[in-house]
Each structure stands twice: as structure tokens, then as C-alpha cells.
Amino acid sequence: MAASAWESLRAARAAHLHYIEGLRVTQVAEHLGVSRFKAGRLIQTAREQGLVHIEITPPPLADPARSAALLERYAPHGLTRALVVPAQAGRAALNRAAAEAVEEATRPGDVLGLACGRTVNQVVAALRRLPDCDVVQLTGLTTPGDVNDSSVETIRRASRLTRSTAVPVYVPMVLPSLAEAAALRGRPALAKAFARLDRLTVALITVGAWQAGDSNLHDSTGLADSEREAATRRGVVAEFTGHLVDAEGRTVATDLTNRCLVVPLERLRHARDVVAIAAAVRRASAVDAALRSGLIHTLVTDTEVADALLAHRDTAPTEPPD
């Protein structure tokens, strides 16, 4: 039975009080002199009669639909948060979104690990606050001696935000031999820096594609061409913090990883939140592989990369690797 004109008028008034003026149902009931049940029924009637139209406007610096689609795609592989920023918002907006993800993930007493590289440097520069926690370097320097690599200063800046003592790692990520890598790991200063990785809880990383110009490890002068080619033959498509994975996210173990001063893979696996920022469409396949590894919990990217990831495979994702 259709509501009377008077009933519709009261329903519209109840809806206005509730949705526009922000009154709780009990307050609406008091205002109209009816029971709480009656007030709730009036608000429901207003919705049923089409008197109420609710519109949710997407936030200007986030794409809810793509964020939800990425989360649905990669949740079986351990992804718990996804934030897609409109590409037209620019790199600064993406860096700030990643910085906010780190700020939200980090708690007092945590150990925050930072990968080396320009992208991580930019994200840390966008940080506004951090709780009291330790900050550690996840790898040796990717471009040691390069005046443009400010990774050590990045560690210091993050430490200042947390009021902790910085313990930077000045050695290169890739060492010429297993013996030299082992010797460096045994040095007291370096051992002290990497010992804190045992308590790693939050990490900020980037993903590199296994090709020239898209991976700090691939481009390292410490690698021979034969090593790059051998990794390619074994199916390596992506790299993050010195670890190699194939298209299905499976770790590819090589002697190269043992020559790298990097966070052990098991420490990343035990971290509460590994935040990855992806900003290059050409690396979409590599990012897909890294997400399938099960090691990434939070992804921050833009709409162009998100579209490439969602279009990357026509079939549903396979089960995550053991």
C-alpha cells in the first residue's frame, strides 16, 4: 500500500534529519515525537519511495574500482591492501600515497626496512611522520660511489623522523665473490646493521623487471653477462631486494643471490607488511610475478599500471607457490 501524502512528508523529514543533519535514529524519533522503531521505519520508507538518493563520489587521489579489482585479483597471493592513484595526478601523488601506506603500517617498536634506489628515496622524502621505531637498510647500495644515489641519506632522514639511530650500509649490494660477501657479513659494523633485520616488521620495496634499465641488480657492474643470461634462461622475470622470481612468483635460487648483501628471503616472509610501489607500466609483468610470490601485502600504483596488471592474464590467477 502506498504511503499517504502526510506519511511521505514525514518520511522525507525523517530522512533529512538523518542523512543531511546527521541525527541518529533516536534523535530523529525525539525530534518527531515518535518511537525509535517508527523513526527507523520512516527513514526506510523514504528510501523505498525514492525520496533518498545516495551518491558516493570517488576521492580525487584514489581509484576505488581499480583498487578493489587488484585486491580481488591478488588476495589469494597474500595482498591485503591495494591503492590505485590516478596517473594524471602525477608522481608526487603516487609517492605520497606510498608514504601514507608506510605511515599507516608502522607501529611503535617496529623495525622498518627500506630498499635502496631512487623511488624509495622519493617516497621517504614524502613521509611526514613515523612512530618511534628502528629503520634499517634492506640491501647494500645499488650504485655505490654515485653522488646521485642518496640511499644512505634516506636512511638517515627516516631515522630522524623516528628519533632512532641510523645504521647505514655503505657497501655495494653485489660482491665479486661468495668469499668476499661472507667476509663483509662478518664485519662488526655490517653485522650490527643486518642483525636488526631479524626483527623486520615493515618493509618498503620496489620491483625491477629482469632487463636492462629496469633492475638495479640486473644493471649492476658486479654481474657478468653470462650471469644475466643464465638467470633469464631459468625463467627470471622480476627482482626485488636482490631476490629473483619467475613469472609464477617462484623464487629462483642462484649463486648471484648469495653474493648479494640483502635481506634474507625468510625475513621478508615473516614481515607483517611489505609495501611495494609500482610506477612503470613496462614493469607490469614483473610486478605481477612479484605479487604472485606471496611476499607483498600492500601495493601502491597508478591507473596505467593497474590496467596493465588487470589485463596481464585472461585466466584467474593460479594458486600461490609453496
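Select L309 to begin: leaving aside neighbours within four places in sequence, L309 is in contact (heavy atoms within 4.5 Å) with L70, R73, Y74, A284, V287, D288, L291 and L299. This is a predicted model, in which local features need pLDDT of at least 70 and side-chain atom pairs count only at pLDDT 80 or more, while totals for chains, interfaces and linings use all residues. Residues are numbered from 1 along each chain as its sequence is written, and side-chain values use heavy atoms, with hydrogens and water left out.

A nonpolar core here is a set of buried Ala, Val, Leu, Ile, Met, Phe, Trp, Tyr and Cys residues joined through side-chain atoms within 4.5 Å, and buried means under 20% relative accessible area, with exposed over 50% and partly exposed in between (1.4 Å probe, protein chains only).

Next, colour the six strands that form an open sheet in the order β1-β9-β8-β4-β2-β3, with parallel pairing; two strands pair if DSSP finds at least two bridges between them. Its edge strands are β1 (81–85) and β3 (134–137), each of which pairs on one side only, and the twist averages 15° from one strand to the next.

Within this sheet, select β8 (residues 273–278): six of its six residues are buried, so the strand is largely enclosed by the rest of the structure. D273, V275 and I277 point one way from β8, whereas V274, A276 and A278 point the other way. Five bridges join β8 in parallel to β4 (residues 202–206), where A203 stands opposite V274. Four bridges pair β8, also in the parallel sense, with β9 (residues 298–302), and there the bridge partner of A276 is L299. Moving on to β2 (residues 111–114), three bridges join this strand to β4 in parallel, and L112 has V202 of β4 as its bridge partner.

Helix α4 (residues 64–74) lies across β1 and β9, running at about 145° to β1; axes are lines fitted to C-alpha atoms, for helices over the stretch in contact, and angles run from 0 to 180 degrees between N-to-C directions. Helix α14 (residues 303–310) packs on the sheet, touching β1, β8 and β9, and its direction makes about 115° with that of β9.

Stop at H297, in the loop between α13 and β9. H297 is buried, with a relative accessible area of 13%, and, not counting residues up to four places away in sequence, touches G78, L79, T80, R81, A271, R272, D273 and V274.

Finally, turn to the three strands that form an open sheet in the order β5-β6-β7, with antiparallel pairing. The edge strands are β5 (208–209) and β7 (243–246), each pairing on one side only. Strand β6 (residues 236–240) pairs with β7 over four antiparallel bridges, and V236 stands opposite D246 in β7. Helix α13 (residues 284–292) lies across β5, β6 and β7, running at about 70° to β6.

Conventions: Helix = DSSP H or I, 4+ residues; strand = E, 2+ residues; numbered from the N terminus.
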